[in-house]
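This briefing concerns a predicted model. Please read the points below with the sequence and structure in view.

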Amino acid sequence: MSAVRSCLAEAVARAFGSGGALAQADVSYTERAVQQQFAQAVAAAIDDSEALVAEAGTGVGKTFAYLVPLLLSGKRALVSTATKSLQDQLFLRDLPRLVDALGAPVRVETRMSGAALPIRP
């Protein structure tokens, strides 16, 4: 990525800022530097059309850190989860909250799979 901050990186910084969309949508929102760094890494990967493999501990806010840049980018993405409970969290709680908070026009297509729901051609 170039030294100039991208439009996506700026939008991500605003969304996660103290007066940003997330703070306005949830009075209990608190800024977390690690979450913002994670989100900026995701934004950079999107801008550069690169893959990103990232890991973070409990309490970082990983879900919002990768979903906010994806939603703000307007690009198509595949999100894979390890468990059905995380899929439920994403589709029933996190995505609706973020779409409302960000005002992002999103079309979500799901194809859930797993040991009990294998993907078939």
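The buried residues of helix α4 are T63, F64, A65, Y66, L67, V68, P69, L70 and L71. They account for 9 of the 12 residues of α4, so that this helix is mostly covered, buried meaning under 20% relative accessible area. The partners against which these buried residues pack are α1 (7–16), α2 (21–25), α3 and α5 (84–102).

**Extent of α4**
- The 12 residues of α4 should span 16 Å at 1.5 Å a residue, and the distance of 17 Å between its end C-alpha atoms agrees with this.
- After α4 comes G74, which has a positive phi, near 75°.

**Crossing of α3 and α4**
- Helix α3 comprises residues 33–47 and helix α4 residues 62–73; their axes come within 8 Å and cross at roughly 35°.
- This crossing of α3 and α4 is right-handed.
- On the α3 side, the contact is made by Q35, F38, A39, V42, A43 and I46.
- On the α4 side, K62, F64, A65, Y66, P69, L70 and S73 take part.
- The residues of this contact between α3 and α4 comprise 10 nonpolar, 2 polar and 1 charged.

**D94 in α5**
- D94 is part of helix α5.
- Is D94 buried or exposed? D94 has a relative accessible area of 1%, and because this is under 20%, the residue counts as buried.
- Leaving aside residues up to four places away in sequence, D94 touches T63, F64, L67 and Q89.
- The side chains of D94 and Q89 are joined by a polar contact of 2.7 Å.

Note on methods:
Residues are numbered from 1 along each chain as its sequence is written. This is a predicted model: local features need pLDDT of at least 70, side-chain atom pairs count only at pLDDT 80 or more; totals for chains, interfaces and linings use all residues. Side-chain values use heavy atoms; hydrogens and water are left out. Axes are lines fitted to C-alpha atoms, for helices over the stretch in contact, and angles run from 0 to 180 degrees between N-to-C directions. Helices (H or I, at least four residues) and strands (E, at least two) are DSSP runs, numbered from the N terminus. A crossing is left-handed if the near helix is turned anticlockwise from the far one by less than a right angle, and right-handed if clockwise. Contact means heavy atoms within 4.5 Å. Ala, Val, Leu, Ile, Met, Phe, Trp, Tyr, Cys and Pro count as nonpolar, Asp, Glu, Lys and Arg as charged, and the others, Gly among them, as polar. The expected span of a helix is 1.5 Å times one less than its number of residues. Buried means under 20% relative accessible area, exposed over 50%, partly exposed in between (1.4 Å probe, protein chains only). A polar contact is a pair of N or O atoms within 3.5 Å; within protein, one must be able to donate a hydrogen and the other to accept it, and residues adjacent in sequence count only if both atoms are side-chain atoms.
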